[in-house]
Amino acid sequence: MVGVDQVLEKLSTVIDPDLKKDIVSMGMIKDLELNDGNLKFTLELTTPACPFNAEIEEDVRKAISQIEGIKNFDMSVTAKVMEGRSLDADMALSTVKNIIAVASGKGGVGKSTVALNLALALSQSGAKIGLLDADIYGPSIPLMLGLQKVALEVEDNKLQPAESHGIKVISFGFFGEQESQAAIYRGPIISGIVKQFLVDANWSNLDYLIVDLPPGTGDIPLTLAQTIPITGILVVTTPQDVASNVAVKAIGMFNKLNVPILGVVENMSYFICPSCNEKHYIFGEGGAKKISEKYNIPFVGEIPLNSGIMEGSDKGKPIILTDPNSPSAEAFRKSAKNVAAQCSILAAKLREEMQAEAAEPAPTS
Ligand SMILES: Nc1ncnc2c1ncn2[C@@H]1O[C@H](COP(=O)(O)OP(=O)(O)OP(=O)(O)O)[C@@H](O)[C@H]1O
Ligand SMILES: [Mg+2]
């Protein structure tokens, strides 16, 4: 006689293509009843708007059809949008007005460069800025700021961030951990460390805290994006198809997890020829703009290729400070403004939602 365990085991072979997790461990199977081969349950999808819903439903039907002894099968399909932000009291960071998490589907696209130069550009505009390097496997912010040997102080049980060019900075790289050692840490430990950097540090009053997330669309960046109470994600991509394809995947995941996306920025977009001063779109043109149109995500800017960016980042000299009149620095400033504008839009939307919630009559029971 077929049992519930057998049904669940079979159902756990069905994987949500976006979340890359099986539907049983994601809690999508509800109200399961099995009596004498008559099976009934509800499939609760994570959002009604997911393009994979029909595919998941079909995979479930296929899986059930492969179980011997099921005489009748009745499935209802519903959708409940997942809670994307965890805002428990100690994580609320009430002194930080906005948290912007910088993410990329692919590694090496310039996420840290963008995070750092945005932080500096926002700081130059007069905002109070913090920069948290949450890329535990490959922290590069210390090198980019020339801050390798920093011993952070602790005051009143709070970690004091380092100060550099007017911004507050914390990086795992300050703690002298070797990458090989960091590589043994698993997702939950890393989330724990990053949470500590957020909660147990004295960020004091910040207008924007920029978080450089680890690259990729794996567990760690997704978990962090969900556990940190962020304003929104800034997605960094490059014009190459591989990078934009992975950026699209990342956007799909963040959307599905209900993590707000602030916008997309394209790095290494074009090269300005020093002799003719013309823009050359070496890797193709308009990729990130197309993504922004297709997925209805604000396009916040494009940053040109510039060898000065690379040379400066190895020497702790960010381009926005060393060559403020360069087109790259100009592009970073423009993008930073757009990002700030998008933060305001999201903050206003959030306020509206909270007001609407407060105005709702209390449920009568
Ligand atoms: N617009 C640019 N022009 C020239 N070089 C750039 C540009 N943006 C970034 N770089 C260089 O490309 C390399 C990768 O950049 P960066 O470290 O910021 O990428 P990342 O996405 O953070 O990488 P990782 O995935 O390793 O964290 C660095 O050497 C950086 O200096
Ligand atoms: Mg990086």
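Here is a short chat about a predicted model.

Colleague: Let's start with the ligand. Which residues are closest to ligand 1?
Modeller: Ligand 1 has 20 residues around it. Helix H3 (111-124) is among the elements that give two or more residues to that shell, along with strand E14 (261-272), strand E16 (299-305) and helix H10 (307-314). The closest residues are Gly107, Gly110, Lys111, Ser112 and Thr113.

Colleague: And how many charged residues does the shell around ligand 1 have?
Modeller: Sort that shell by class and you get 11 polar and 7 nonpolar residues. The charged residues in the shell number 2.

Colleague: Which residues in H9 does H8 meet?
Modeller: H8 passes H9 in a right-handed crossing. From H8, the residues taking part are Ser244, Ala247, Val248 and Ile251. By class, this contact has 6 nonpolar, 2 polar and no charged residues. On the H9 side, the residues are Gly287, Ala288, Ile291 and Tyr295.

Colleague: On to the open sheet with the order E3-E4-E5. Which strands stand at the edges?
Modeller: The sheet has 3 strands with mixed pairing, and its twist averages 10° from one strand to the next. An edge strand here has a single partner, so one side of it is left without a neighbour in the sheet. The strands in that position are E3 (29-35) and E5 (72-79).

Colleague: How many bridges join E4 to E5?
Modeller: Strand E4 (residues 38-45) and E5 run parallel, and Glu44 stands opposite Thr78 in E5. Helix H2 (residues 53-65) lies across both strands, at about 160° to E4. As for bridges joining E4 to E5, the count is 8.

Definitions and conventions. Residues numbered from 1 in each chain as written. Chains lettered and ligands numbered in written order. Predicted model: local features only at pLDDT ≥ 70, side-chain atom pairs only at ≥ 80, totals over all residues. Near = placed C-beta within 6 Å. Helix = DSSP H or I, 4+ residues; strand = E, 2+ residues; numbered from the N terminus. Nonpolar A, V, L, I, M, F, W, Y, C, P; charged D, E, K, R; others polar. Left-handed = near helix turned anticlockwise from the far one by under 90°. Contact = placed C-beta atoms within 7 Å. Pairing = 2+ DSSP bridges. Axes fitted to C-alpha atoms, helices over the stretch in contact; angles between N-to-C directions.
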